[in-house]
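Please look at the sequence and the model first.

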Amino acid sequence: MKDVRDYSLKAHNTFGIEAKCRRFLEFSSVDEAQDVLPTLRGEDAPLMLLGGGSNLLLTKDFQGTVIHSAIMGTEARETGDGHVLLRCGSGETWDDIVDLCVSRGWYGAENLSLIPGDVGASAVQNIGAYGVEAKDLIVQVEAVEIATGNLHLFTNEECRYSYRQSRFKQDWRDHFFITHVTYRLSLTFEPHLDYGNIRTELEAKGYQQKPTAAQLRQVIIDIRNAKLPDPKFEGNAGSFFMNPVVTRQKYERLAALYPNMPHYTIDEEHEKIPAGWMIDQCGWKGKTLGRAGVHDRQALVLVNKGGATGDEIVHLCEQIRMDVYNRFGIEIQPEVNIV
């Protein structure tokens, strides 16, 4: 276990923002978490549960306690119905888990390749990409109740997953420390190809109509690398904004004005419109405000051009949100947690 005071969080957020927390706790086992978490007192508050820091924007020093998981390990068992249950420690790197699944012939996570962050964050954030979300795979979440040290097992349904949301971000926020997540993978490969430019990229690489899981994973990685900057060289948190879901009536009004507007049907009454496309239409792609900017290949990504503060990135965010609302009448919301 690590217990450090006045701890720098620069290495724990992919924006590369320099900020400190008053206390930093890191647990390597469930027992460590159960022993220490109930001892936290009022002076340790507020609490922040931190994964890989890939969905976080720090605007100031955190005057409280940061709790981080270093719980590792995986366990797999076949269910007998053509599936595998894979239990993962919350500190495992998510993309390592996807790589493990593909290499073992456990399918369903390929489209989530290269999403940054830890396993625990997948259950909190309901990460998603290219038509697949973590909620499609999650069976059970194990978590220690911070106030009591009791271990709880939550089903997928109890977590109430929706687009980039869960109860861990809502009414359970800062009440539970996730220790393990169990995913259900298939032994039969059924690729999801009808989202974004996956089919186009597959064809460009000369892959057959139905690629292998390894080929699909590589294409997803190539697509993400082509449009997303490496945070080691340019601080960012990936997609900064959520793609808004609007009513069909709202979509049809906008489609009449913008016939080439991309969209994804959610159900009979709702359509999803890419926030990045709207930001691009407002002329923000590649622009900067001081030391904060919009990535020149993907308008959905805000970047630290070097030495930016969290407040500078928030200011850029608000300017973009205002322009999108003024042009499209749609309020886009940050996907990133701003602290």
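The sections below take these topics in turn.

## Basis

This is a predicted model, in which local features need pLDDT of at least 70 and side-chain atom pairs count only at pLDDT 80 or more, while totals for chains, interfaces and linings use all residues. Residues are numbered from 1 along each chain as its sequence is written, and side-chain values use heavy atoms, with hydrogens and water left out.

## Cysteines

A disulfide is taken as a pair of cysteine sulfur atoms within 2.5 Å. By this rule the model has 0 disulfides. For C159, the closest cysteine sulfur belongs to C88 and lies 15 Å away, which is too far for a bond.

C159 is buried, with 0% relative accessibility. C21 is buried as well, at 2%. Buried means under 20% relative accessible area, exposed over 50% and partly exposed in between, using a 1.4 Å probe and protein chains only.

## Aromatic rings

Rings of Phe, Tyr and Trp (its six-membered ring) pair if their centres lie within 6.5 Å; planes under 30 degrees apart are stacked, over 60 edge-to-face, and the rest tilted. The count is 16 aromatic pairs. In one of them, W172 and F176 have ring centres 5.6 Å apart and planes at 70°, so this pair is edge-to-face.

Both W172 and F176 are buried. They belong to one aromatic cluster together with F154 and F168.

## Charges over rings

A charge sits over a ring if NZ of Lys or CZ of Arg is within 6 Å of the ring centre and within 35 degrees of the ring normal. K272 lies over the face of Y163, 4.5 Å from the ring centre. K287 lies over the face of W284, at 5.9 Å from the ring centre.
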